[in-house]
Amino acid sequence: MADVEICVDNLESCLAAAEGGCSRIELCSSLAEGGLTPTPAFLVAAKKLISVPIFCMVRCRGGDMVYSDTEAELLLHEAEDLVRAGADGLVFGALRSDGSLDEDLCRRMKAVAGALPCTFHRAFDLLSDPVQQLEKIIALGYSRVLTSGCESTALRGAATIKALVQAADGRIGIMAGAGIKSTNVASFPPVLRYHGWSWHQVY
């Protein structure tokens with residue numbers, strides 16, 4: 001069975017995604033902003049509706065993924081609140097102004113998550129050297145990377161996603177996202193459709 005994650009920002013979509021058989025929910029607020037941190041109350045309400053694992057976005061604002069010290073503290077507090085409210089995992093990513101991984105903040109976020117799995121979100125596509133940086137994300141203990149292969153859509157980035165799957169070699173999940181729908185997922189190369197990857201769809 002395919003590993004399918006659906007990104008939602010309201011309870012109706014959350015319920016529809018679960019009823020449709022998704023493997024996992026990515027819970028956000030403000031998908032129009034690219035997805036921001038949901039409130040703990042939203043998470044609690046969603047968990048009352050469905051039994052599918054719910055991973056929560058941790059992103060305090062729209063725009064770039066370079067965070068000030070003040071924003072970093074806010075992000076960590078938001079994550080703590082979501083963990084206490086019952087999140088099954090966190091979705092996060094942070095960069096430095098030179099396009100490299102903000103290892104310190106990503107490490108601190110993983111510490112807040114503890115044993116819960118963490119997905120590194122599409123900030124990955126903005127990294128200066130994503131294949132090399134993948135090794136650092138693996139070392140930090142993240143479970144999954146969400147990527148479009150550094151292109152506007154995952155279909156356009158399929159070659160890079162394939163390279164990432166091969167580089168990951170089963171050590172971390174590679175989840176393709178951006179422009180993926182049930183109507184076009186079969187267009188991906190067979191090596192991606194059947195080996196070592198999953199897909200992410202916005203509902």
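In helix α4 (residues 103-113), the buried residues are Leu105, Cys106, Met109, Lys110 and Ala113; buried means under 20% relative accessible area, exposed over 50% and partly exposed in between, with a 1.4 Å probe and protein chains only. Helices (H or I, at least four residues) and strands (E, at least two) are DSSP runs, numbered from the N terminus. An α-helix has 3.6 residues a turn, so residues three or four places apart point the same way. The buried residues of α4 pack against α3 (69-84), β4 (89-92) and β5, where contact means heavy atoms within 4.5 Å. Glycine 114 follows α4 and has a positive phi, near 65 degrees.

The model is predicted: local features need pLDDT of at least 70, side-chain atom pairs count only at pLDDT 80 or more, and totals for chains, interfaces and linings use all residues. Residues are numbered from 1 along each chain as its sequence is written, and side-chain values use heavy atoms, with hydrogens and water left out.

Helix α5 (residues 130-139) has its own set of buried residues: Pro130, Gln133, Leu134, Ile137 and Ile138. They cover an arc of only 155 degrees around the axis, which puts them on the same side of α5. Their cover includes β5, β6, α6 and β7. Just after α5 comes glycine 141, with a positive phi of about 95 degrees.

Strand β5 (residues 118-120) runs parallel to β6 and is joined to it by 2 bridges; two strands pair if DSSP finds at least two bridges between them. Phenylalanine 120 stands opposite valine 145 in β6. From β5 the chain passes through α5 to β6 in a right-handed β-α-β crossover. Right-handed means that, with the strands pointing away from the viewer, the path from the first strand over the helix to the second runs clockwise.

Strand β7 (residues 173-177) is parallel to β6 as well, with 4 bridges between them. Threonine 147 has alanine 176 in β7 as its bridge partner.

Strand β2 (residues 24-27) pairs with β3 in the parallel sense over 3 bridges, and leucine 27 stands opposite cysteine 56. Between these strands, helix α2 (residues 40-49) forms part of a right-handed β-α-β unit. β3 also pairs with β4, in the parallel sense over 3 bridges, with methionine 57 opposite valine 91. The chain goes from β3 through α3 to β4, again in a right-handed crossover.

As a whole, the protein has 7 helices and 8 strands. Its radius of gyration is 16 Å, close to the 17 Å that the globule rule gives for 203 residues, so it is as compact as a globular protein of that length. That radius is taken over C-alpha atoms, and the rule is 2.2 Å times the number of residues to the power 0.38. Of the 203 residues, 49% count as buried.

Conventions:
The arc is that of the directions from the helix axis to the C-beta atoms.
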